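Please open the structure in the viewer and keep the selection panel at hand.

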Amino acid sequence: MTTLLLTCRVPDYSAWRPLYVESISHIPEVLAWRVWHGEDDPNFVVIEERYESRAFAENLLNSDEMQKEMAAHGVSSVQAYFLKEDGSGSR
């Protein structure tokens with residue numbers, strides 16, 4: 001299992017979010033996803049996606065189709081991190 005953590009900028013969070021949800025819903029390999037946006041700058045976005053395979057996540061992220069889709073939606077300043085979970089907790 002791998003987690004892809006992305007930070008990026010979008011031109012208009014309210015317009016971008018439904019596009020993301022529509023896009024992600026068509027990728028069955030995405031096991032789970034979460035989205036955050038900045039309280040002070042809603043166009044700063046953090047995305048968490050979980051996959052069984054890092055290789056699949058990397059190939060998807062780097063695919064021409066995904067790159068074109070992100071560009072069409074105005075996504076910029078993308079930083080990607082592949083993470084392994086090492087525990088969690090809550091109170």
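**Before starting**

The model is predicted, so local features need pLDDT of at least 70 and side-chain atom pairs count only at pLDDT 80 or more, while totals for chains, interfaces and linings use all residues. Residues are numbered from 1 along each chain as its sequence is written, and side-chain values use heavy atoms, with hydrogens and water left out.

**Stop 1: aromatic rings in helix H1**

Select residues 13-24, which form helix H1. Helices (H or I, at least four residues) and strands (E, at least two) are DSSP runs, numbered from the N terminus. How many aromatic pairs does a search of the whole structure find? The search finds four. Tyrosine 13 and tryptophan 16 form one that is tilted, with 5.9 Å centre to centre and 40° between the planes. For such a pair, the ring centres of Phe, Tyr or Trp (its six-membered ring) lie within 6.5 Å; planes under 30 degrees apart count as stacked, over 60 as edge-to-face and the rest as tilted. Tyrosine 13 and tryptophan 16 are three residues apart in helix H1, about one turn of the helix.

Now colour the residues by accessibility. Buried means under 20% relative accessible area, exposed means over 50%, and partly exposed lies in between (1.4 Å probe, protein chains only). Tyrosine 13 counts as buried because its relative accessibility is 10%. Tryptophan 16 counts as buried at 4%.

Tryptophan 16 and tyrosine 20 form a stacked pair, 5.3 Å centre to centre and with 25° between the planes. Tryptophan 16 and tyrosine 20 are separated by about one helical turn, because they are four residues apart in helix H1. Tyrosine 20 is buried, as is tryptophan 16.

**Stop 2: helices H2 and H3**

Select residues 54-62 (helix H2) and residues 64-72 (helix H3). Their axes come within 5 Å and cross at roughly 55°. H2 is therefore oblique to H3. Axes are lines fitted to C-alpha atoms, for helices over the stretch in contact, and angles run from 0 to 180 degrees between N-to-C directions. Angles under 35 degrees count as roughly parallel, over 145 as roughly antiparallel, 65 to 115 as roughly perpendicular and the rest as oblique.

Which residues of H2 meet H3? Leu60, Leu61 and Asn62 in H2 meet Asp64, Met66, Gln67 and Met70 in H3, where contact means heavy atoms within 4.5 Å.

Centre the view on leucine 61, which lies in helix H2. Leucine 61 counts as buried, because its relative accessibility is 11%. Leaving aside neighbours within four places in sequence, leucine 61 is in contact with Leu4, Leu6, Met66, Gln67, Met70 and Ala80. The C-alpha atoms of leucine 61 and alanine 80 are separated by 8.9 Å, although these residues are 19 residues apart along the chain.

**Stop 3: salt bridges**

The structure holds five salt bridges. In each, a side-chain nitrogen of Lys or Arg is within 4 Å of a carboxyl oxygen of Asp or Glu.

Select glutamate 48 in strand S3 (residues 44-51). Is glutamate 48 buried or exposed? Glutamate 48 is buried, because its relative accessible area is 15%. Not counting residues up to four places away in sequence, glutamate 48 touches several residues, among them Thr3, Ala32 and Trp36.

Next, select arginine 50, which forms a salt bridge with glutamate 48, the closest N and O atoms being 3.5 Å apart. Arginine 50 counts as partly exposed at 24% relative accessibility. Arginine 50 also meets glutamate 85 in a salt bridge (2.3 Å, N to O). That pair links distant parts of the chain: arginine 50 is in strand S3 and glutamate 85 is in the segment after S4, 35 residues apart.

**Stop 4: serine 77**

Select serine 77 in strand S4 (residues 76-83). Most residues other than glycine have a negative phi. The phi of serine 77 is near 55°, a positive value in a residue other than glycine. Serine 77 is exposed, with a relative accessible area of 51%.
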